[in-house]
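Visitor: Hi! Could you walk me through a few spots in this one?
Guide: Happy to. Let's have it on screen.

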Amino acid sequence: MKRQYPKRRFLLIGGGLASLLMLAALQWWPLPERLDNTPYATLMLDRHGRLLDARIAEDQQWRFVPVAQLPDKYEQALLLFEDKRFYRHPGIDPLAIARAMRLNLEAGRVVSGGSTLSMQLARLLRDDPPRTLTEKAREALLALQLEWHFSKPEILVHYASRAPFGGNIVGLRAASWRYFGREPGALSWAEAALLAVLPNSPSLIHPGRNRERLLAKRDALLQQLHRQGAMAEADLRLALMEPLPAAPRPLAGLAPHLLNTLSKTSTRRLLTTTLDADLQRRVQELARQHGRRLARDGVHNVAVVVIDHQQRQTRAYVGNVSHGDPVEYGAAVDIASAPRSTGSVLKPLLYGLMLDDGRLLPGTLVADLPTNYGGFSPENFDHGYRGAVPAHQALSQSLNIPAVRMLKDYGLGRFHSELQRLGMTTLFRSAEDYGLTLILGGAEGRLDELTAIYAQMMASASGLPAEPVRTLAEQQTATAPGMALSPGAAWLTLEAMREVARPGTAQQWRLFTSSQPIAWKSGTSYGLRDAWAIGSNGQYTVGVWAGNGNGEPAPSLGGAATAAPLMLDVFSLLGTASWPQPPLDELKTVQVCADDGYLAGGRCETADQWAPRQSHFQTVTPHHIRVHLDANGQRVHSQCESVSQMQHRDWFVLPPAHAWFYRRHHPEYRPLPSWRADCVAGARAMQSEPPMALVYPHAGTAIYIPVELNGRLGRAVFRAVHQRSEAELFWHLDDRFLGKTRHFHEQAIIAEPGWHTLTLVDDQGFRLGHRFKVLGK
């Protein structure tokens with residue numbers, strides 16, 4: 001007996017070592033790489049979990065990201081069909097193996113394999129090798145290892161995400177979408193039972209492949225589920241009536257450009273967006289209709305973004321609808337997220353920022369007259385000038401010259417920084433590189449970002465919580481734009497934008513009660529390459545871009561005529577929404593002069609004007625002066641007339657250049673009366689500003705005088721204006737008399753390269769000096 005103790009000890013030690021080796025193998029033997037390196041297709045869903053778009057995996061399989069856990073109906077059906085004792089075995093089921101051996105011996109052929117779901121997962125991870133005894137042993141060992149590393153629910157998910165469902169459809173989620181058009185959690189009993197039995201014979205799903213056998217397997221499983229108590233009798237009858245799916249459904253392609261864009265910025269292969277599939281489909285169809293119309297005019301690409309600014313979520317995103325050659329016009333490019341010249345759509349942002357900064361009020365007059373900054377001479381769309389125009393009208397009429405002057409006043413670098421803070425990611429160059437053209441389309445912007453900025457402005461005006469409106473790309477990352485304008489400035493900006501005339505209707509749309517309030521802005525880039533229209537009603541902000549993806553200009557292109565009709569049709573599709581009430585807590589009342597919008601100084605007819613509460617507009621009107629008249633209405637002063645004989649009037653006076661253009665549009669404007677003859681000398685001594693101005697060229701300007709065909713130096717036409725329409729002007733160049741003009745003050749001048757001085761003297765002796773430079777060859 002004593003001799004047996006060492007042998008027993010040896011057996012115990014050997015058994016312990018074997019157990020340790022087995023445990024070590026289970027823990028540290030490498031698992032199949034396919035557990036971590038499975039290529040997945042990309043699935044994009046809308047806010048309700050409906051399919052928007054999908055893209056096949058790199059290995060050309062429709063294999064979607066696994067579900068977090070199996071739906072209850074599918075799990076019950078799967079376990080009943082494949083592995084009834086799944087939760088009671090360690091990965092190998094000896095009872096199932098014994099049963100399989102008995103059935104195979106009785107049948108004289110292999111009719112049952114005895115594999116557990118863990119063993120089937122092991123086979124799928126090993127690319128489904130031949131079913132030999134050696135391979136079965138390897139599957140069994142791998143099944144034990146999988147059970148060691150994963151919980152039972154995790155193994156079920158791994159199996160369901162890799163099971164074959166016919167053709168190149170792999171995994172439960174892909175099968176659910178391809179055969180039934182919904183997520184696995186929404187499957188019926190009949191659908192769940194079909195997908196439970198299908199991996200056992202995946203080829204049977206295809207038409208002509210003995211589908212009756214597949215139907216019989218499904219119905220038998222349904223009967224078993226009923227007998228097990230999982231289904232009520234009524235549920236069973238309904239489930240048995242459901243037909244098999246005819247064939248895999250084509251996956252919706254509602255947002256292919258968005259899918260490509262989000263796939264570049266996100267590693268996730270299940271993308272849940274805030275889009276609405278129904279709205280996306282209808283907006284896409286509207287874009288196609290307008291696209292066909294625009295293609296006849298040489299405009300081949302359209303993009304649309306719709307944001308619910310109340311919820312701060314994008315509801316529709318049509319990246320590019322293309323008509324024409326798909327390669328030439330970039331049909332595959334997501335134009336909604338591509339940088340394009342902004343045209344005039346940045347003007348409302350500058351207006352709002354200046355309101356917040358206290359640099360203007362809505363009614364403040366801004367200059368609109370010939371302007372030149374270092375060789376840059378902006379022009380209005382109608383090539384005309386208004387002299388001076390209220391700021392809100394300059395915005396609603398999209399006047400370029402006032403916008404450039406406002407940007408110069410606000411500060412180019414400051415505006416550049418504010419745009420970046422608001423969410424424009426496309427401003428890669430410095431502010432100086434863009435120059436003052438920044439406000440007219442000299443920079444590039446993205447439709448999705450600009451629409452989000454406008455939506456943020458509308459959300460702020462509506463008094464909604466101070467949260468940023470993110471683009472869909474930003475929702476996939478941690479980035480977020482800065483906050484927009486103050487509620488007061490935003491509301492005042494949108495009120496100005498409500499005055500924009502709608503295409504084809506001027507402002508007559510206000511006469512129709514069915515028309516909904518829309519604040520919007522159009523824009524057209526230089527060279528007629530980009531047309532924009534972005535607007536908001538009480539709930540939605542809609543952005544539209546139209547043009548050619550290859551940058552080709554179109555003679556008929558224009559924001560109001562090209563992009564706005566589609567924008568307004570989208571608003572009609574969305575339905576009406578109530579306009580937000582003024583945010584009274586964010587506004588204050590300021591008393592201003594009614595005719596120039598500056599703070600009243602006691603010499604003008606006043607009016608109340610709203611301003612952002614935190615702004616500090618402090619400029620007293622510079623355009624109202626006290627004038628003294630004699631009995632005949634001529635101007636006098638104390639050196640030529642007694643005070644007791646004077647009449648005193650408060651007069652609205654614009655600078656000469658402003659007034660000359662202003663009175664063309666305002667016949668009620670009254671220029672200052674002339675000085676009485678005996679008062680002129682004293683007036684010249686008292687008056688600091690001369691009553692005339694040079695419209696062209698500007699002081700300090702460098703001009704080029706071309707050489708004529710005969711080789712002689714050409715002429716430059718200089719232009720001046722005077723407060724008095726009947727005034728005479730005497731022109732002098734470098735103390736050389738050139739001639740005189742009356743009523744219309746233009747003079748052709750020949751000058752050699754270099755600096756020169758132009759002097760103007762009017763018939764009352766007032767003088768104006770002006771330095772300019774003539775460039776040489």
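Guide: Let's start with a side chain: a polar atom of the D762 side chain lies 2.7 Å from the backbone nitrogen of F766. Keep in mind that this is a predicted model.

Visitor: Which other backbone nitrogen does the side chain of D762 reach?
Guide: That of G765, at 2.9 Å.

Visitor: And where does D762 lie?
Guide: D762 lies in strand β25, which covers residues 754–762.

Visitor: Is D762 buried or exposed?
Guide: D762 is buried, because its relative accessible area is 3%, and buried means under 20%. Beyond its neighbours within four places in sequence, D762 has contacts that include P691, H722 and F730.

Visitor: New topic: how many aromatic pairs are in the whole structure?
Guide: A search finds 12. In one of them, the ring centres of Y385 and F661 are 5.2 Å apart with the planes at 55°, so that pair is tilted.

Visitor: Where do Y385 and F661 lie?
Guide: Y385 is in the loop between β9 and β10, while F661 is in helix α22, so the pair ties together parts 276 residues apart in sequence.

Visitor: Are those two buried or exposed?
Guide: F661 is buried, at 1% relative accessible area, whereas Y385 counts as partly exposed at 22%.

Visitor: Which cluster do ring pairs make with Y385?
Guide: They link Y385, W660 and F661.

Visitor: Last one: what sits over the ring of W579?
Guide: The charged end of R498, 4.8 Å from the ring centre. Elsewhere, K152 lies over the face of F86, at 4.4 Å from the ring centre.

Definitions and conventions. Residues are numbered from 1 along each chain as its sequence is written. This is a predicted model: local features need pLDDT of at least 70, side-chain atom pairs count only at pLDDT 80 or more; totals for chains, interfaces and linings use all residues. Side-chain values use heavy atoms; hydrogens and water are left out. Helices (H or I, at least four residues) and strands (E, at least two) are DSSP runs, numbered from the N terminus. Buried means under 20% relative accessible area, exposed over 50%, partly exposed in between (1.4 Å probe, protein chains only). A polar contact is a pair of N or O atoms within 3.5 Å; within protein, one must be able to donate a hydrogen and the other to accept it, and residues adjacent in sequence count only if both atoms are side-chain atoms. Contact means heavy atoms within 4.5 Å. Rings of Phe, Tyr and Trp (its six-membered ring) pair if their centres lie within 6.5 Å; planes under 30 degrees apart count as stacked, over 60 as edge-to-face and the rest as tilted. A charge sits over a ring if NZ of Lys or CZ of Arg is within 6 Å of the ring centre and within 35 degrees of the ring normal.
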